[in-house]
Amino acid sequence: MTLELGIHLFDLASAQHGMLTTEQANRAGYRSWALARLVKAGELLHPGRGLYAVPALVDQSELAWHRHLSVGGLLMYPDALLTGASALIARDLPVWGADLTRPRLVRPPDRSRGATFLWIRPNRGSQPSVSELGPTVGVADALVQHALDSGVQAGVVSADAAMHARLVTPEDIQIAAQRVENWPKGSRARSMTGLMDGRRESVAESLAGVSFAMHGILVEPQVRLYDPNGTFVARVDFLIPGTNVVVEVDGRLKYASGDPQVLWDEKRREDAIRRLGYVVVRLTWADLMNPEVLIAKVRAALAMAA
C-alpha cells in the first residue's frame, strides 16, 4: 500500500477484487486531477471511463484481468448481470475460444448502454444467479450466449464442462437455446445442443468430440476396458463402437510436468490396452487444431483394425 493512495481507498479496493469506481474515489475525496496523478505515478490503473484498479491487488494476465474487469462492470452498474463467457468464468468454467478483452453484461433494456470497455446488451428476461464475482445470468443462459458470441465449438466446450460439473442439465440448455432460436446467430445455440456431451472431461476431449460428430464418426466417451478375466485395465477417452479402435486425447496439459514416472505409467497403460487387441490413436493439441489430420488418423486406424 502507498501513503498517497490512502488506507481507506486501498482497503475498499481490496474488498472489490482490486477495483474502484470513479464515484467511489470521488466520495473518498479524490477528484479527477488527483486520480490522474495516481494513474501517472503507477499507483492506479485506468482501464476505462469510470473505473480504476490498484496494481498491487490485481493480476493482469488475460483470464484474471477479465475477472477483475467483470467485477468493475458490476460495481459501475448495480442493475447488471454477467452473461456469456464472463458468467462462465465467474463459475470457473472453461471458455475456450472466447474474446476476453471485454466482459459481457446485460442490463434492463432501457439502460443497455455503458462504458466502452464492456459489452452490454439488453436483459431479455434472464433471472439473476449468484457467483463468486457477483450476480450473473443462469448457467444455461450464459452457455447459450457464449455460443452466440464465440461459436459452436466454444459453446460445446463450456457446455460439456458445465454438465460434467452438474451445474446444469441438457434439458436446461435446450430450453435456453429455444428462447434464442430467432435471434441473430441463434442457430449456433441449437447446433451446440446437438453436439454437447457431459461425459467428456476436458477442453481437448470436447474439441475432438465435435470433430468426430462433424465428420460422421460415432464415438463413446469414457469407456472402461476389462481383460478376459473381468479385471479393470483402463478407462479410455473414446471408443468407436463396433470396432476395437480407441482414441486418446493428449491435449496440452496431460504430460506438461515432464515427470518420467508419468510418461512411464502412461506407456504401460497403453501397452496393456494394446494387449487387449485395441488399436490406439493418440491425438495431440496440434491434431485438434487441424481436424482434417485428426480424422485422417482415426480413419487410418479404422482401416488397420478392419
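Predicted model: local features only at pLDDT ≥ 70, side-chain atom pairs only at ≥ 80, totals over all residues.
Trainee: What makes strand 2 and strand 3 partners?

Mentor: Strand pairing needs at least two DSSP bridges. Strand 2 (residues 45-48) and strand 3 (residues 51-53) are joined by 2 bridges, so they pair. They run antiparallel. The bridge partner of Leu45 is Ala53, and that of Gly48 is Leu51. Strands here are DSSP runs of E with at least two residues; helices are runs of H or I with at least four; both are numbered from the N terminus.

Trainee: Which residue of the hairpin takes a positive phi?

Mentor: Gly50, near 95 degrees. The hairpin of strand 2 and strand 3 has 2 residues between the strands.

Trainee: Why do strand 1 and strand 2 count as edges?

Mentor: The open sheet has 3 strands in the order 1-3-2, with antiparallel pairing. Strand 1 (19-21) and strand 2 each have a single partner strand, so one side of each lacks a neighbour in the sheet. Neighbouring strands are turned by 35 degrees against each other on average, direction ignored.

Trainee: How do you know that helix 6 is largely enclosed?

Mentor: Buried means under 20% relative accessible area, exposed over 50%, partly exposed in between, with a 1.4 Å probe and protein chains only. In helix 6 (residues 139-150), 10 of the 12 residues are buried, so the rest of the structure largely encloses this helix. Among the buried ones are Val139, Asp141, Gln145 and His146. The buried residues pack against helix 5 (84-89), strand 6 (119-122), helix 7 (152-164), helix 8 (170-179) and helix 9 (186-195).

Trainee: How does the length of helix 6 agree with expectation?

Mentor: The expected span is 1.5 Å times one less than the number of residues. For the 12 residues of helix 6 that is 16 Å, and the end C-alpha atoms are 16 Å apart, so the two agree. Just after helix 6, Gly151 takes a positive phi of about 105 degrees.

Trainee: Why is Asp99 called partly exposed?

Mentor: Its relative accessible area is 36%. Asp99 lies in the loop between helix 5 and strand 5 (104-107).

Trainee: What angle do helix 10 and helix 13 make, and what is it called?

Mentor: Axes are lines fitted to C-alpha atoms, for helices over the stretch in contact; angles run from 0 to 180 degrees between N-to-C directions. Under 35 degrees is roughly parallel, over 145 roughly antiparallel, 65 to 115 roughly perpendicular, the rest oblique. Helix 10 (residues 203-214) and helix 13 (residues 291-305) cross at roughly 75 degrees, their axes coming within 10 Å. The pair is therefore roughly perpendicular.

Trainee: Which residues make the contact of helix 10 with helix 13?

Mentor: Contact means heavy atoms within 4.5 Å. Helix 10 supplies Ala208, Ser211 and Phe212; helix 13 supplies Pro291, Leu294, Ile295 and Val298.

Note on methods: Residues numbered from 1 in each chain as written. Heavy atoms only, no water.
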